[in-house]
Structure formats: structure tokens, C-alpha cells
Amino acid sequence: VTGPGINGEAQECVEQPLCYTIDTTQAGDGKPEVTVDGPDGCNKDVDIEETSDGVYQAKYTPDLPGDYKVHVNYCDTEVPSSPANVHVADPSKVVVTGPGINDESCECVENPLLYAIDTSGAGPGDVRVTVDGPDGSQELEVVDTGDDMYTAEFTPKDPGQYQVHINYNDKEVPSSPATVDVVDPGKVIISGDIGAYVKVDTPARFNVNAVNAGKGDINAKVHGPSDTDLVCEDVADGSKNYTFTPNVVGDHIVTVDFADKPVPNSPFSIKAYDPSKVEVTGSGITGDGARVGLPAVVEVDATKSGEAPVAVSVRTPSGEVSVVEMTPENESGIYKGDYLPQEPGIYDVDVKYGNEPVPDSPFHAPIPDPESVTVQVAEPELEAGVDWQDSLESSPLSKPILATVDKPTTLDIYTNENAPGKLEAIFDPDPSEAPLDYEFTEVEPGHQQLTFTPHDAAPRNLAVLCNGHPVGKPHKIIVRDPRAVKAYGPGIGSNLPAHNIAEIFIDTSEAGPGKPTCSITDPLTNEVEFTLEKGEDKKWVVQYTPEIPGHHTVALDFVGCPISDSPYKVFVYDPTRVKAYGPGLKKAYLFGETEFTVETTEAGGGEVEITPDGPQDVGLEVTDEQEGKFHATYTPLVTGLYTFHIKYKGVNVPGSPYEVPVVRPPPDASKCVMEGFNEEEPENPGDFIIDAEKAGGSGVLEVSGGESETPANHLSVDHMGNFKFKVKFDMPGSGNKVLNLKWHGEHVPGSPFNF
């Protein structure tokens, strides 16, 4: 017999067939038998196939890890080499932990890599671990730590990729091989702007070469006063170029990692400076407060800009250039200097920081001669009258200025090309106490305008300054306030009758000097004539007579500005133009719906008031058909005389009140209704009711009946009220009877009745 475990123990794996060859050619006649004792305690028969005369092959595939005994019998006797002892393992049950197991791992050279191998669920077997690396293959020592646990360890010396193979019973376990990338961060080289100074918004560059460091990712980051993007570009030699543009002054710390490990020269600093953060002030820069003969100051504040040299030069209006000596103050980043202007005009001041122009450089400092500036005040408008003159004659100030609340007032200020400068307006009281907006506008060189808008009526004084120096004497400002004008009277009321004189009273006593103006337009946008008369104590009266109904517009202004609530919308109405027509205003029939129409379009539009008065409510319904047209319907239920009152704006319209008689309509026998009469089998004698309330007419009911040759014994009619009649009849004997019922000569429905 030959096969696993014969003449010694064997190591095999589950699902791997165990094959045995049995040669009986020298044993005589007989047939071999093979049985297997498995780890589950069950005996398993094995199929045997004769492959040639006297030679047999037995095959069995174990499915559980553990110890198996294979028994070979011949003629019921176990052969000498039987049983075969086979140790079966299941490598799929081996659990391995360590670097690169289940996913790739990155480690450093000289860093020991340890693997733990758990075979407790895999059955008996041998563990073998080998490593394939940049320098070839090697087998690792496997240490048995007990309880079917093993360890294997190795320390990589060179960067590169390593594969760790774990075999159990010469079969690779599922998690094998483990792939480990080993790197050497010490071989990474950094070059470029290390420790350099770079202007903000200018790229800083450095190179990272990790070609000899193994397989790994380079991770470079910039840590600075603010975030900035770091751009990476691959280089043909395998290195990487990095670029970032600092946008904030200060130290930018760069850290470089390779495979998440620090590299030499990391971190390093790149210092950023920003000329745009330099602030330059002083009278020699802005011209504020500067004038010929006084030192003009230049102050450079570089406290937020980093370190760099400062250079300042000045060009005079005549073209001479001189250097301004700048002196630092206590190493604080602030530098001061000055120059002496000898002529009026524009001084060009050039300021550089780090050999870069600072923002707005060169500066253009206007240095004037304030004595040459003039302020031109407009003459007061005629409608202002002379109300204000008395108070102005006693004023010690310059020519007064008339202004209006919420309306711009403009002053012309003339300088000249030889005396430019910054103009200022000083109002007293200050605009924070007496609200006022103002601005200067350049019309042309040497000519500016000051426009101011007061928001209350407080009197003010105005002083104009040129570069902080007074121009002439202050001016008194008298402010008119259209909002203080009060208007009242029926002429701006909500409802105004046409053809009547309407008055408007205007009080300007609290509004300052000036005259009100008025304009009135009718619904057709035609101008309406009016009169405007001045009364006492700055009070005015407007009179006008509206002729056309509809909305009139009354606009009241004071010194060119609308007063409060202006323009006014005044509704003018004319009841004489209301039209009322229709049959319902002349006569109505009982139980019959009737109608009439009222139109207010030509009267000014709007609703009307309709009130009926009579013996009983008529159920009046009024529908607004828009555009001043109203449709009215009603149904009288009682005859009599009714009165309809139609009013517009509380005034009876032409023809109102209307007296409308309600009468019964013409007779209509078809509207008679019989009650209590059975046409199929009438009772004889019998009675029934005729209801003619809605049949019109005055009440003529004719009743006749009998046989062709025999009259009725009895026929009677009783009026029960409201045009209801009770009819009694008696027509004795058998035979065909006939009963005739007529209303005003016409048969009622069904008549004559034959029975």
C-alpha cells in the first residue's frame, strides 16, 4: 500500500483528496477494503476502483480538520502498513493579524513588523512564513507561543515593497500575502524658497525629491495666518514642485511628510510681506491742514506689512524732486518725515516699501492758499418776500442762504489751479444735532459745488474751510419747512358737491418765509380756475368751483415743495346727474318680478342708497354691475302703493321718491289651481276649491254643469278671501255629467270636466 500516512504521519488539507494505491498481485485471490476514522468519530467507507489486474486505487476527500486513520484490510485482515495516520488542516480557518493584512500598509525602514497567526480553528498543521522584498526572499522564524498561536517578525532594511506569505500545511492562508510598502523618509530632499522672504500675492516655490525614499505619498501643508492653496506639479525626475501664493503678511510654516512620516528640514518657514498693507498718512500726503509755509508731514505705518526698507521722495509743482528723510520710531514699524511747501499746487509724493509702490503711490497732495477761495451765494427767490429781511440786517455774518427742508440747496465755490485743496463744510449746530446731508461735487477744475439738504427747520450757520482754514466769514442759513404748512377746509375734503364754491385755508406761519402755490385738475385733467389770496399772519385762502363730478387733484406746494399730504384727491359728486329708469319705477304686478336701473357714472360714480316703503317688504335685491351701474329687482306680494327712495351721497336723485302702484296682473286662467276635486271618480254631490290668487284679474269665476238635458240640482260659489273660492255641486242621477269652470271667460286647466 502506498499513500499519505503510510509508514509515517502525513500533513494534509481539507478538500484535498487522499489517494492510496493497493497492490494485491502477490497476495492471492481476494479484494481489499478501505475505511476511514474521522475526527467526528464516524467510520467512513471508501470506494475502491481496480485500475489493473490486482492493483486498486482508493480515494477519500476529508471535509473537516483533525486526525484521520485510514484502515486497509485484505480478506478481512488489516495489512501490515495499516492504519495510515493523516493530520488534516483547514488553512481557511487560520487568522492572521499584522501590517498589510486585509489592506496595504506603509512602514518605515528599521521598524520591526510583527505578525500573529491563530491556528486554533484550523486543525493540526505546520506554519511557514516567507518574505519577498527588494533584496530577495527570506524565510522567517516562526515562534510557537502556545494555544495554537504563532508569531513571526522581521525588520526591513531598505525601502520598497515587501510581500509576506503565510502558509499552513504548505497552503497559503486566505489573508496571505500581506503587502507592505516600506519607506525611508530620511532620503527625502527639500529645496527652494526655504526661509525666504516673499511678497504677498507672489508665488513661493519649493521642491520635494523622494525618488530614493521608497513608495509613498508626499504630504505638504502650509500653516499660516490664513489658508492658502498649495499647488503640486510632477517633475520628470520623479520629484514634485510645490507652489503657494501667500495672501497674508507673516510667517508661513511648511510641513512635509512622506508616507505620513516627517522628513529632514521639515517644518520650515517662508516669510511674507505685503506693501499693500502699508498705510501712509499726514498733511503732506492728503493735503489736509497743509498750506504754503507750513511743514507737511508724512507718516508711514508698516506695522502690518512685515519687514522692508522705506523710501519717500516728493516732486514740487515746479518739478523739483527731493528725498524725504524718514525716521523709524522705536522699531515699531512706524516712520515719520516732513517737507516744506514753498508754492501752492499739487505735490507728488512717491512712497515705496520693499522697492514696491504702496497703494495709491504716488500721492497727490493739494496744498492751497485759502485766501484765494470764494463762496458764491444765490439771491433769494422772489416769492420768499421780505419777511426775513429784518432778522438778516442785524446779522454780523456774510450773505444769508435760504434753504428748504428735504430740498437740496447748492452753493458755488471757486478756487483756481494754483490753489487747490480739500474743501470742508462746518455746520452749526452739527448735523448730528440738526439732521442735514451735504456733499461737494467738482464741476470743473477750480469750480466746486456744495449741495446740502436740511431735514428740519432749525436755523444754522455755515463755515467753509479749505484744508482746514476758514474761507471768508460764516453764513446764516434760514430753513423753510413745507411740512409745517397746514391746509384745511372743505376744498380738500373727501366729498364735495359740484357747482358750489369750495375753500382751502393755508397756514404758513410756522414754515418760514415763502409763498404757497396751488394747482387743481378735474377728472379730465383740465385745469380748474382758482383764486389765491393772502390773509393776515401768513395765512392764505384758495377758492374754486368744481363743475365736473369725479376725482379732482389739488396740489399745494410751498417754496417749490409739496406740503404734507399733497396732492389731495377730492371727490366731487353731482346728484342731478344720477339716472334712474325701468318698469319697476312705474308700475308692478303682484307676484311678478320687476326691475329698474340706477346709473351714477355721470354723477361721479359710487354707490347709491335705495329704500322701498309700502304695505309689505318686496325683497329688493341690488346688484353692482360695476362702473357706476346698479340693477335692482323686487317681487311684491301685496297690492298697494309703494314708495322707492333713491339717494346718492345722502341726496335724493332726480325723480326720487318714486311712487309705484302694485296691482293684480291681467287674468290668466292657466294659473288657477283646483284643490280637492278627483277627476277620475268625483263625489256627487261634492265640493272643491279654486285658488286664483296668482291668476290675475278682478275675480270673475263662472261655474255651470249638469246633463245634456238635465240641469244640476245645485251649484254654489263662496269667496273665501285672497281670491280663493269654494264650489259646491249636486248633479243627481246616472249618465254623463259635465262641469264647466271659467276664469274671466277662459276655462281653467282641465275644464270642462266630463264624468
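This is a predicted model: local features need pLDDT of at least 70, side-chain atom pairs count only at pLDDT 80 or more; totals for chains, interfaces and linings use all residues.
Local features here need pLDDT of at least 70 and side-chain atom pairs pLDDT 80 or more, while totals for chains, interfaces and linings use all residues. Numbering starts from 1 along each chain as its sequence is written, and side-chain values use heavy atoms, with hydrogens and water left out.

**Stop 1: the core**

Select Val96, Tyr115, Ile117, Val129, Phe154 and Val164: among the 24 residues of the largest nonpolar core, these touch the most other members. Such a core is a set of buried Ala, Val, Leu, Ile, Met, Phe, Trp, Tyr and Cys residues joined through side-chain atoms within 4.5 Å; buried means under 20% relative accessible area, exposed over 50%, and partly exposed in between (1.4 Å probe, protein chains only). Now colour β17, which gives this core its largest share, four residues. Strands are DSSP runs (E, at least two residues), numbered from the N terminus. Centre on Val164 and, beyond its neighbours within four places in sequence, you will find contacts (heavy atoms within 4.5 Å) to residues including Tyr115, Phe154 and Pro177.

**Stop 2: an open sheet**

Next, show the four antiparallel strands in the order β38-β40-β43-β42; strands pair if DSSP finds at least two bridges between them. β38 (374-376) and β42 (436-444) each have a single partner strand, so one side of each lacks a neighbour in the sheet. Eight bridges join β42 to β43 (447-454), and Leu436 sits opposite Pro454.

**Stop 3: the cysteines**

Finally, pick Cys561, which is buried at 12% relative accessible area. Its sulfur lies 16 Å from the closest cysteine sulfur, in Cys518, too far for a bond. The whole structure has zero disulfides (cysteine sulfur pairs within 2.5 Å).
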